[in-house]
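Let's read a model together, one feature at a time.

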Amino acid sequence: MNPGVELRRAGVGDVPTLVEIEQATFQADAWNAEMVAEELTGQGKYYIVAQLDGRVVGFAGIFLVDDPDIMTIGVLPDYRRRGIGRVMAEHLIREAAGTGASQVFLEVRETNEPAIALYRSLGFTPVRQRPNYYGPGRHATVMRLHLTPQAASPAPTSRSPEPHAAPQAPEPPPALSAPQTAPTPQRAPNPTPNPTPPTPLVLGIETSCDETGAGIVRGFELLGEGLASSVEEHARFGGVIPEIASRAHVEAMVPVLNQALQRAGVALSDLDAIAVTAGPGLMGSLTVGLATAKALAVALAKPLYGINHVVAHALADQLVHGPLPPRTMALVVSGGHTSLMLIEGATITPIGATLDDAAGEAFDKIGRLLDLPYPGGPHIDRLAQQGDRAAYHFPRGLTRRQDLERHPFDFSFSGLKTAVARQIESWMDDAVPIPTADLSASFSAAVSDVLVSKTVAACRAFDVDTVVVGGGFSANSQLRHQIAQAGEQAGLTVRIPPLSLCTDNGAMIAAAGAHAIVHGQPPSALDLGADSSLPTTHLTPTTT
Amino acid sequence: MLGIDTSFAAAVGVAGIVRQSEDPRGQVEQLSPLIAEALQEANLQVSDLSAIAAGTGPAPYTGLRIGLATARALAFALGIPVWGVPALDALAADAAARLSPPPGSRILAALDAKRRETYWALYLAAGAAPPRLTEGPAVGPPTSVPPADVVAAGGSEEYRAALCPTPGTPDRVNPLVVVELAVLRAAQGLAQPSDPVYLRRPDIAPPAPRKRVTR
């Protein structure tokens, strides 16, 4: 397959040639001669070169520690697609197996599909993403190979096609925490004086409505959460009473913080940053979380990130399904919000929103008409599952041609609510028993139809292939089912986090804080204020 | 020790230095920067603090909560105690210290409760010791407050004018006096909870009766 390819251990005499290969392979990110020399001679480093007809055409290296890490694989452009990279990778894997290691890791640019295909064919599987590993917006996929006797000498039966442009990866990490090595090579193309940690440890605080939440993340990994709710105190009033919610936040705040820290096994002093909901929400509630977060920032001398609550709902899914792709359409639906927005890194573009009631609010109001307990949404959802969604036809707001011209991606649910109320009243006037299951199903269908059709249309209009759904209303079974189905038909990837991350919580604010940091957003000023109607134009509110 | 009071605007005191804002609506923005400023002016690090003292009201709710949430979070992060001091106690103690009324004089302390009402409490002057609380705290219209020899009212000019305060009395709660009272009471072994004093139950408009959409 590769006649004439010889492998040998690299020596310092190879440095000039290896620098050429580096430049041909990694361009601006290439190591210079000094870095290459340090790599070749560093403790625990094992580098080989591949020769063809006596000429060095490629090189590769591994860091032989407890969990060996493949550092680099590079082949001159004219010699690619000949399996030279594969031969070198297999050699390094055998070398790692020889040290008794049970697994091998590597980092690869997540856009380097040929390289990823090569590593998959060798038995590597992706384990997580490292955001901004190669610089802003340039993420690495971490891949792992469990070493077994078969893997140590990969079976030649896997006749997967050779990668096209490979093997030009993996790119080595920007910095290594090698124990005894001298200054380690840098691969990050835009080194900053104070590089943010690739996986910042962030505390998130949420108090925008009736949930007091604290969550701690490392990058997009959730470490621990604390949560308290005053929902039961509001239930008898049929809605959230702001003053009751605010008073509850003051009482719950420190215990909830403590709970999150203990569950995460983290001390406050370990944190890299503090994120807090700055709006939208109830003013009296927002200020409790904001005052708390600012005091922590002062006491700990850590940066503060004010976070838009609605945008954070869309970013929470990253704690479960990993980082969002570069462009994502987000649908956030809850008792207080109905928003469509385009998320491109830290850039948020509002696409549509409700002109009147939020979808969840409409559910709660219909719940009151039906004498269902507060909040009515889950009860209507349960009833709807036993009903016929086509039993009654209710209006789909802003879907007529002339409305679509003016409000292609906006929502309106007040007309629907009135139509349902009118129907209920006519039954009551006639003393007819209300067919609650069919009514709930037909009402839910009207809401879901509009949410789903406008979301899919927005994806088409903005040429986006991933949808993320967030907010408490994404618990609605009809919405979940319908958007998954519509997404499949339209060729969209639909991401919905589990319910625990859909309702208000501190973890989503922490995730949004981590998102802001890895996308290079500056911290908020200490005079950050609360904004009850903060628009979904920014992840972090612009300084006042 | 750091003293915080948010019964009017945002006020911070540490090591003899006071930093305060004039905007009763800007507390959430201003309080933490004022703390950082006051510490810097006093040439102190936040880690030098040994306790936080904060006014517990009664005062308008949102500002009061901002002060207490800030105090509690600072204390939590620094691992130091937080002591709550009724804001009216601090106002009365400050008035007594400034005017030295004869022991037994009646001192009324009052803070703006909004909605044309006032928070008040009545104290008896006790010489060098802080005045003793005899009535209140309570909330009601300005006409409901008992007569007194010394009247101290904290708040806007407009609010104070309605109370006819005694000349020479403070026009707002001094955070350094909050610290002094907290230290004194801590030395006496008194509990000083940092719970906000609201005096009013939450405003709750009962759900409006259902309106028909059809007639």
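A: Before anything else, a definition: helices (H or I, at least four residues) and strands (E, at least two) are DSSP runs, numbered from the N terminus. This is a predicted model, in which local features need pLDDT of at least 70 and side-chain atom pairs count only at pLDDT 80 or more, while totals for chains, interfaces and linings use all residues. Residues are numbered from 1 along each chain as its sequence is written, chains are lettered from A and ligands numbered from 1 in the order in which they are written, and side-chain values use heavy atoms, with hydrogens and water left out.

Q: How many residues of α15(A) are buried?

A: Buried means under 20% relative accessible area, exposed over 50%, and partly exposed in between (1.4 Å probe, protein chains only). In α15(A), 20 of the 26 residues are buried, so the rest of the structure largely encloses this helix.

Q: Where is the kink in helix α7 of chain A?

A: The bend at a residue is the angle between axes fitted to the seven residues ending there and the seven starting there. Helix α7(A) (residues 242-264) has a kink of about 45° at A:A252, shortly before the proline A:P255. Following α7(A) is A:G265, whose phi is positive, near 65°.

Q: Now sheets. In what order do the five strands of the open sheet in chain B run?

A: Two strands pair if DSSP finds at least two bridges between them. The order is β3-β2-β1-β4-β5 in chain B, with mixed pairing. At the edges stand β3 (17-20) and β5 (82-85), each with a single partner strand, so one side of each has no neighbour in the sheet. For angles, axes are lines fitted to C-alpha atoms, for helices over the stretch in contact, and angles run from 0 to 180 degrees between N-to-C directions. Neighbouring strands of this sheet are turned by 20° against each other on average, direction ignored.

Q: Which strands of chain B do the three bridges join in the parallel sense?

A: They join β1 (residues 2-5) to β4 (residues 52-55) of chain B. Within that pair, B:I4 stands opposite B:A54 of β4(B).

Q: And the other open sheet of chain B: which strands are at its edges?

A: This one has four strands in the order β8-β7-β6-β9, again with mixed pairing. The edge strands are β8 and β9 (150-154) of chain B, each with a single partner strand, so one side of each is left without a neighbour.

Q: How many bridges pair β7 and β8 of chain B?

A: Seven bridges, in the antiparallel sense, link β7 (residues 118-126) and β8 (residues 129-140).

Q: Which peptide bonds are cis, and what are their omega values?

A: Among them is the bond joining B:G57 and B:P58, with omega about 5°; B:P58 sits in the loop between β4 and α2 (61-78) of chain B. Another runs from B:G136 to B:P137, with omega near 0°, and B:P137 is in strand β8 of chain B.

Q: Is A:R81 buried or exposed?

A: Its relative accessibility is 55%, so A:R81 counts as exposed. A:R81 is in the loop between β4 (69-75) and α3 (84-98) of chain A, and has a positive phi of about 60° although it is not a glycine.

Q: Last one: how many residues of chain A are in contact with chain B?

A: Contact means heavy atoms within 4.5 Å. By that rule, 38 residues of chain A are in contact with 34 residues of chain B.
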